[in-house]
Amino acid sequence: MNDHIKIKNARIHNLKGIDVVIPKHKLTIITGVSGSGKSSLAFDTLYEEGKRRYLMFSGTQFMIDNVPTFDSITGLSPTVAVEQRIIRQSNPRSTVGTRIKVSSMLAALFANYGTRDPAYDDGLPLDISVFQKNSPRGMCVKCLGNGSIYKAYENEIFTDNTVTLHNIFDGEQNHLKHILWKFQKATGVTPDKRLDELTPEQLMLFKYGGATFDGILPWVTNAYRWSKGKHNWISELTCVKHIPCPKCGGTGLGEQASHTTFCGKTITELEDMYINDLLDLLHSYTGIKNPLLDEIITKLSCMVEVGLHHLALSRPVPTLSGGEIQRLFLASYIIAEMDSIIFVFDEPTIGLHEVEKQNLIRIIRRLIKSGNTVVAVEHDENFMREADYIIDMGPGAGVLGGIKIYEGGYDEFLSCSDSKTSPYLSEDIGFNIKSKYRPIDRNKTLKISNATLHNLRNVTAEIPLGVMVGVAGVSGSGKSSLISDTLVPKLKELMKSKCIVDDDITDTVDAILTGTEHIKRCYIIDQRPIGRSRTSCPATYTGIFDRVRTLYSQTEQAKNMGYKPGLFSVNSEGGCEKCKGDGVVHYHVGFGNFIDVDCEDCGGSGYIPEAMEITLDGKNIRDILEMSVDEAKDFFLDKDNVIYNMLNILQRVGMGYIKFGQATPTISGGESQRIKLAKELSKGKNAKGALYILDEPTTGLSFYDSERLLELMNELVDNGNSIIVTEHDPYVLSNCDYILEMGQGGGSDGGNLIATGTPYELKHNPESIIGRYLK
């Protein structure tokens, strides 16, 4: 039996022909600075070859002869990737409950053991479909299972009876021509007539419609629904609102499901409960015990074990963080009780409090004890201490990385002088921790009062300005509810255009916010994707690719041919017709898996030949997009100051390793956030008085890169700005001037502000949980 996985001469991306031996049935950590080649080794070499061999032996028709990226890999068994990047998760309607197959089991439980309200008993036997809102028998007949409807409010449209028909929406008559022509055809009434000139019958038909005319209220409702996400006058209307369905109360289910209970609750109420509360409720059930209930309890117990007790079964998977997605998938594999598998994880500790990390390590140990092998890309100190084997990549990022610096046990790793990681694990050197905190000005604070959203228990919190404030707490304790879901909407409501946020915020919250007069501008920099198009990338998101394309169009070669900047965009005239600029063609190979094959027409570049023939200092447009930010910065020195300055800021926020043209769907939440931060900093508006709100900005960064990012954050504060950072990392929190800690637990056990003060004060506060982990 082969006890090791042996990889020889791995050379994909920046890997420089490395040889690695990974012990099987052990926990191996691959670490190193960001961009050093960790993911290239773990995912692009180990996992991809495991997937290729599976496809080869499963008889798939797609056997791709790619250029070899290694000489040999031996000892390989079936391989599973558990990544944080949401690109691998497909169905946007998938929920936590559907992912772990508990939703269908709950439906079966209600169908067989539910208690029906006699007033709503139609005499037909219950079956699973009654409790599924996507089935014809189970869905609400009004909202068709959506749980919400769009409603046009008549009293907000018909406010002035003297207005003419074509001016009913503030003069936007061009968009009404077709519907008003239909009304004229049905009644003979011309669009220049005023509302008060219509007969009662004509006004009724105009508003609500009939056999000969659709009606203005149904028309504007449908027009608004189809215009969401587009920027036009209809999407800006306030007279149409998205509201919970009045018939089903927002559940999306029909009357039978809405009036059938188990343990005194409907299926919607159970799915909306925090998982730990749901588990307690099901444990208290005293009725007839059955295998179905036992299996549901087993699955929910596993969810609690992997630190997802604070989620609800109804939570959509796309709204989960990268760490939560990984742990959700981990729970699925544990439930399946698989063995002899190689699991490849991508920083599984992301989003976990220090208390919760020990539990995750224990679960991974259980996977190993069951006969599996675990390989994890990880920066977490405690996780590395628990590892059986460590591989350190470096020494730098991009072209400066791709070398195996160390391979072996943890204790020996501490004395590795060539590593940029090991010094931070040493007590002699370690991470730089501040000893002096900036003074707090109690007359210059933001104050949130009476916050009750989600699990918040009437929280009142003062957030000092002019300093760096950390927000801590275990998963589900209320950090996001307080900052992202309460503070941010209130800032947007009060500061309007001075509050810069990627997504439109329409939610309103009942909490009170004071102190915004102390802020000139506010930047919300979260982990939401920076773009979903496969052809979008950091170069396009930051806006500097337009200048790159202009540089190419201004070369003598391009000017002689009459080429314009559009030739150098895959989304314009320069894009390959066959692959639409992707550079690859996608084939479905079954079971939700796809395989990408380099496009034969463009050779994987995404561009037509004419675009590829034009060069700038010997580099074509694809060469530029394949450069790392570090390489591109050197290339554009003395060519374009705007491009160079943007690349310099990207480098400073720890993104020097990322490809200039990396597809945005493959960029993690932490990376997205740092790119957003760089984009805002590049605008030159970061003068005194700005507030930056960050959400775990060091996600995915090594100790070395985290320290560089902290330097930049401190510069912002020293220049007169304020930072609020939600974090789990004890090193980042220890470098804050002030901390708000939520707790004690998660879900229904959280929602309280349990400790406030400097890191030193929290270290000596017995009520604080994070205090015992601060440095």
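Buried means under 20% relative accessible area, exposed means over 50%, and partly exposed lies in between, using a 1.4 Å probe and protein chains only. Keep that in mind for helix α11. There, Leu293, Ile296, Ile297, Lys299, Leu300, Cys302 and Met303 are buried.

Some ground rules. This is a predicted model, where local features need pLDDT of at least 70, side-chain atom pairs count only at pLDDT 80 or more, and totals for chains, interfaces and linings use all residues. Residues are numbered from 1 along each chain as its sequence is written, and side-chain values use heavy atoms, leaving out hydrogens and water. Helices (H or I, at least four residues) and strands (E, at least two) are DSSP runs, numbered from the N terminus.

Stay with α11. This helix covers residues 291-305, 15 residues in total. From first C-alpha to last, α11 reaches 21 Å, close to the 21 Å expected at 1.5 Å a residue. That expected span is 1.5 Å times one less than the number of residues. At the start of α11, a side-chain oxygen of Asn290 comes to within 3.2 Å of the backbone nitrogen of Leu292. That is a polar contact: a pair of N or O atoms within 3.5 Å, where within protein one must be able to donate a hydrogen and the other to accept it, and residues adjacent in sequence count only if both atoms are side-chain atoms. After α11 comes Gly307, with a positive phi near 85 degrees.

Now the sheets. Strands of a sheet pair through backbone hydrogen bonds, either parallel or antiparallel. Here, two strands pair if DSSP finds at least two bridges between them. Three bridges join β1 (residues 4-10) to β4. Lys8 stands opposite Ser72 in β4.

A second open sheet has seven strands: β17-β19-β22-β23-β16-β24-β25, with mixed pairing. β17 (499-500) and β25 (752-757) are its edge strands, each pairing on one side only. β17 and β19 (residues 521-525) run parallel, joined by two bridges. Cys499 has Cys522 in β19 as its bridge partner.

Next, aromatics. How many aromatic pairs does a search of the whole structure find? The count is 19. Rings of Phe, Tyr and Trp (its six-membered ring) pair if their centres lie within 6.5 Å; planes under 30 degrees apart count as stacked, over 60 as edge-to-face and the rest as tilted. Phe206 and Phe213 have ring centres 6.4 Å apart and planes at 5 degrees, so they are stacked. Both are buried. Tyr424 and Phe703 have centres 5.7 Å apart and planes at 20 degrees, so that pair is stacked too. Tyr424 sits in α16 (residues 422-425) and Phe703 in α26 (residues 703-718), 279 residues apart. Tyr424 and Phe703 are also buried.

Last stop: Leu217, in helix α7 (residues 216-227). Leu217 is buried, at 10% relative accessible area.
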